[in-house]
Amino acid sequence: MKKILVTGAMGQIGSELVSTLREHYGTSNVIGSDLWQKDEEEGPFEIVDVTDEKAIYDAAKKHNVDTIMHLAALLSAKAEAVPQIAWDLNMGGLMNALEVARELELQFFTPSSIGAFGPATPKKNTPQETVMRPTTMYGVNKVAGELLCDYYFYRYGVDTRGVRYPGLISYVTPPGGGTTDYAVEIYYEAVKSKKYTSYIAAETYMDMMYMPDALNSIIKLLEADPDKLVHRNAYNISAISAAPEDFAKAIRKHIPEFELTYNVDPVRQKIAESWPDNLDSSAAEQEWGFKAEYDIDRMTAEMLPKLRTK
Ligand code: NAD
């Protein structure tokens with residue numbers, strides 16, 4: 001049975017990942033951690049600032065964990081506003097968590113992102129290994145992070161694993177300041193006011209994924225046979241390649257009067273245009289059996305009723 005410490009556990013992914021892991025491995029075997037904690041938190045939790053290596057070490061040692069899932073980070077749009085702070089948190093926090101994994105011989109998972117790619121990357125069916133050269137601080141952090149995780153595997157034998165997540169869509173916890181956040185907001189606004197103004201322009205395609213697929217992929221990769229993992233850090237995974245009008249079309253099947261207008265934010269639009277349209281996930285499929293279950297219509301049919309009852 002695994003025992004896992006999750007950093008950044010209060011965020012969009014962490015808040016759902018912790019409950020999914022607890023269902024899978026047992027409540028007492030999953031220790032959430034973040035800078036803050038919800039009042040109703042059930043199960044073990046530690047306040048851990050990932051810029052403090054000792055705090056991560058103490059929490060890992062106290063609970064005798066065998067795995068760290070490192071989620072604490074500053075996301076793309078927020079990182080562009082404070083790039084130096086983003087470097088300190090995204091790189092410093094990762095290095096600290098990797099050091100603890102090395103010292104305590106722990107398995108290690110951290111997500112990379114489609115943001116690791118840049119304008120010179122082939123946009124369609126983006127290969128697992130290709131030109132990266134991102135132009136955002138977040139992307140620079142993600143590429144450097146992938147390489148650092150590879151380094152800890154080759155140099156120290158730390159069992160590092162990761163995926164390049166697309167924009168993640170969920171009805172549970174709102175997103176934390178990424179470029180793909182519109183794809184969550186559009187559902188909230190569809191339910192609330194039957195209209196949405198997109199800060200991303202029409203025909204701007206990006207990869208997206210429904211949260212249940214994202215969570216299942218983490219568990220699958222965590223449990224995969226290490227001998228089969230060639231591309232450890234980090235695997236392309238892909239589910240839904242969509243532009244704002246594709247979400248509107250899917251929503252109109254349930255809310256015919258839904259209106260989509262545009263008021264483009266140049267900062268986030270520029271980031272979006274530097275990212276791929278859709279990734280080739282064949283390495284993840286072959287090496288550990290990645291498979292997405294949700295397309296845009298199935299996701300929309302689940303999101304809208306869930307948001308209505310929130
Ligand atoms: P989020 O912004 O929703 O949550 C991040 C969490 O980290 C927050 O709860 C925050 O309190 C915490 N945090 C911030 N500074 C911290 C510190 N110093 N110490 C400890 N905790 C701190 O982010 P998320 O969407 O859950 O993303 C988690 C990971 O997944 C990140 O590495 C992100 O880059 C990656 N990712 C997310 C997406 C997405 O669409 N959500 C897509 C690709 C990759």
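## Salt bridge and model basis

A salt bridge joins the side chains of Asp277 and Lys124, with N to O at 2.5 Å; the term requires a side-chain nitrogen of Lys or Arg within 4 Å of a carboxyl oxygen of Asp or Glu. Across the interface of domain 1 and domain 2, the rule finds one salt bridge.

The model is predicted: local features need pLDDT of at least 70, side-chain atom pairs count only at pLDDT 80 or more, and totals for chains, interfaces and linings use all residues. Residues are numbered from 1 along each chain as its sequence is written, and side-chain values use heavy atoms, leaving out hydrogens and water.

## Domain arrangement

An automatic or database domain assignment divides the protein chain into domain 1 (4-167 + 210-236) and domain 2 (168-208 + 240-277 + 294-309). Their C-alpha centres are 25 Å apart. Domain 1 contributes 30 residues to the contact and domain 2 contributes 27 residues, contact being heavy atoms within 4.5 Å.

Between them, the two domains bury about 2,500 Å², 60% of it on carbon and sulfur atoms. This is the accessible area (1.4 Å probe) lost on putting the two parts together, summed over both.

## Helix H4

Glu105, with a positive phi near 55 degrees, follows H4.

Among the buried residues of H4 are Ala86, Asn90, Met91 and Leu94; buried means under 20% relative accessible area (1.4 Å probe, protein chains only). Their cover includes helix H2 (53-62), helix H5 (137-156) and strand E4 (67-70).

Key. Buried means under 20% relative accessible area, exposed over 50%, partly exposed in between (1.4 Å probe, protein chains only). Helices (H or I, at least four residues) and strands (E, at least two) are DSSP runs, numbered from the N terminus.
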